[in-house]
Amino acid sequence: MKRFLLVLFAAAALGAISVVILRARFGAKEMEEDAEEGGRKGTREKRGPRDFSKGKGGLVVTTDLEKGSLLDPDAPGFPLADYVDMRDAALKPWREKLIDAEWEARPLAEVLAELQSAHGLSIRGIGVEGGEVTFRCEQMSALAVLDLVSRLSDLVWIVNLAGELLLLPAADLTTHAPPAYFDLIELQRVRVAVLEDRNAGGAREPALAKTLRNTAVAARQVPAGDIAGLLNFLSQVSEVTYVMRPVENPPTLPALIPMEGESIDVFLGRVLDPVGYTFLVNADSVEILSKEEKEAGEKAAAAREEERKGRIETEKEFLKKEVVVGGENLSIRDLATELSRALDRPLAMDPRSWRRAARYSFKAIERPAHEVIEILKKGTRLEVTLRDGKLWFLAPEDFHKEE
């Protein structure tokens, strides 16, 4: 009997030891599976650090958002970044210099010479002979003046590889502009388009529009005359820059009787409407143009809005495509390259996004491309868009950067 009890005791002990061993080997795995299946076994998933998240692919480790948005000094070189740095250096004095200008039918070559002699701003004109400028401003940045003058004259300005600022017809761009210039122009265009997407296609009203509504015109008789005379009058009674698109035969404006307390925008409408002209408020100036030109611009904007809506839907569907992207301690450059390959689309990145310090570790499993993009956004400031067949990685803080 004693022998039987000893055997029974030994079997029970062996069974208990086996249970302990089995729980040690498989218990953790079972708990993990229970957590992933919603805790149906009654277990609870342990919360990890803030920069860890748990999903079907395991842990996702990302750099802190603020640290990941910094620039990595050890990032590999990026050709466009070198051109942007050189261009910024050439434009620095143009951004910092504030100028007053009063040009009426001034030859464009003389305007460029004045910018050089009076303000120390170096620029070279190519094929600008015969052009004229009518322009008035007070304390406007020289770069904003150059933007307006070039746009109104149907010209473009560039910085070449020698660091020279050139003003020339668009037809001559391929002769004088470096390849990086065209890459930068495309980048700027995409930035503007993404900003429109963020604003749901609606353009924000410039702050200057409020100034026009809230600023009264001095109540006095305005004689009949041309638009240049009107701009001269307005520049005397307000601190607003007015420009006009070049026109061969500017209309003669009617004489106006004074109206007490009339705002600038009402006054402009009253004087321009009888001759078929109107005005457009930009960020830093008021542009005088014909009603036909404004209507054409509005139709073009409406067409762009329809295209924008269709493109967003196309992008949304495209980013549902399943991809296998991931790894250990990868930079945003690495993951962007992997994602573009998985989606079979060329990669385009701006210099800031390329240099980000963000790092990521997550398992490479099959998941929609938009989920990968959401992971990337947890570690750095980022916008990703599909445009013109390219996958773009953009820095949001650069959208409003002065170009």
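Is Trp-354 buried or exposed? I started my notebook with this one, and Trp-354 counts as buried, at 17% relative accessibility. Buried here means under 20%, so Trp-354 falls inside that class. A reminder to myself: this is a predicted model.

**Entry 1: aromatic pairs**

I searched the whole structure for aromatic pairs and found 2. In one of them, the ring centres of Phe-78 and Trp-354 are 4.9 Å apart and the planes meet at 15 degrees, so I noted the pair as stacked. The cut-off I used for that word is planes under 30 degrees apart.

Next I looked up where the two residues sit. Phe-78 is in the loop between α2 (65-68) and α3 (79-96), while Trp-354 belongs to helix α13 (residues 351-354), so this pair ties together parts that are 276 residues apart in sequence. Phe-78 is buried too, with a relative accessible area of 16%.

The other entry in my list is Tyr-181 with Phe-182, an edge-to-face pair. Their centres are 5.3 Å apart, and the angle between the planes is 80 degrees. Tyr-181 is buried at 9% relative accessible area, whereas Phe-182 is partly exposed at 35%.

I turned to the strands. A friendly reminder from class: strands of a sheet pair through backbone hydrogen bonds, either parallel or antiparallel.

I found an open sheet made of 3 strands, in the order β13-β17-β16, with mixed pairing. Its edge strands are β13 (347-349) and β16 (383-387), each of which pairs on one side only. From one strand to the next, the twist averages 25 degrees.

How many bridges join β16 to β17? I counted 5, and β16 and β17 (residues 390-394) run antiparallel. I wrote down two of the partners: Val-384 is bridged to Phe-393 in β17, and Arg-387 has Lys-390 as its bridge partner there.

β16 and β17 also form a hairpin, with 2 residues between them. In that turn, Asp-388 has a positive phi of about 55 degrees.

Then I asked which way the side chains of β16 go. Glu-383, Thr-385 and Arg-387 point one way, and Val-384 and Leu-386 point the other way.

β4 and β7 run parallel and are joined by 2 bridges, and Gly-125 stands opposite Leu-167 in β7. β6 and β7 (residues 165-169) pair in the antiparallel sense over 5 bridges, and Ile-158 stands opposite Leu-166.

What lies between the strands in the hairpin of β6 and β7? I found 5 residues there, and Gly-163 takes a positive phi near 80 degrees. I checked the cover of β6 (residues 155-159) as well: 4 of its 5 residues are buried, so I marked the strand as mostly covered.

**Entry 2: a cavity**

I looked for cavities of 30 Å³ or more, and the count came to 2.

Which residues line the second largest cavity? I listed Val-111, Leu-112, Leu-115, Val-145, Leu-146 and Val-149. The elements giving two or more residues to this lining are α4 (108-119) and α5 (142-152). By class, the lining has 6 nonpolar residues, no polar and no charged ones.

**Entry 3: a glycine in a loop**

My last stop was Gly-225, in the loop between α8 (207-214) and α9 (227-237). Gly-225 is partly exposed, with a relative accessible area of 24%.

Note on methods
Residues numbered from 1 in each chain as written. Predicted model: local features only at pLDDT ≥ 70, side-chain atom pairs only at ≥ 80, totals over all residues. Heavy atoms only, no water. Pairing = 2+ DSSP bridges. Axes fitted to C-alpha atoms, helices over the stretch in contact; angles between N-to-C directions. Phe/Tyr/Trp six-rings, centres within 6.5 Å; stacked < 30°, edge-to-face > 60°. Buried < 20%, exposed > 50% of the residue type's maximum accessible area, 1.4 Å probe, protein only. 1 Å grid on protein atoms, 1.4 Å probe; cavity = no way out; pocket = protein on both sides within 12 Å on 5 of 7 lines; lining within 4 Å. Points joined across faces, edges and corners; volume = space filled by probe spheres on them. Nonpolar A, V, L, I, M, F, W, Y, C, P; charged D, E, K, R; others polar.
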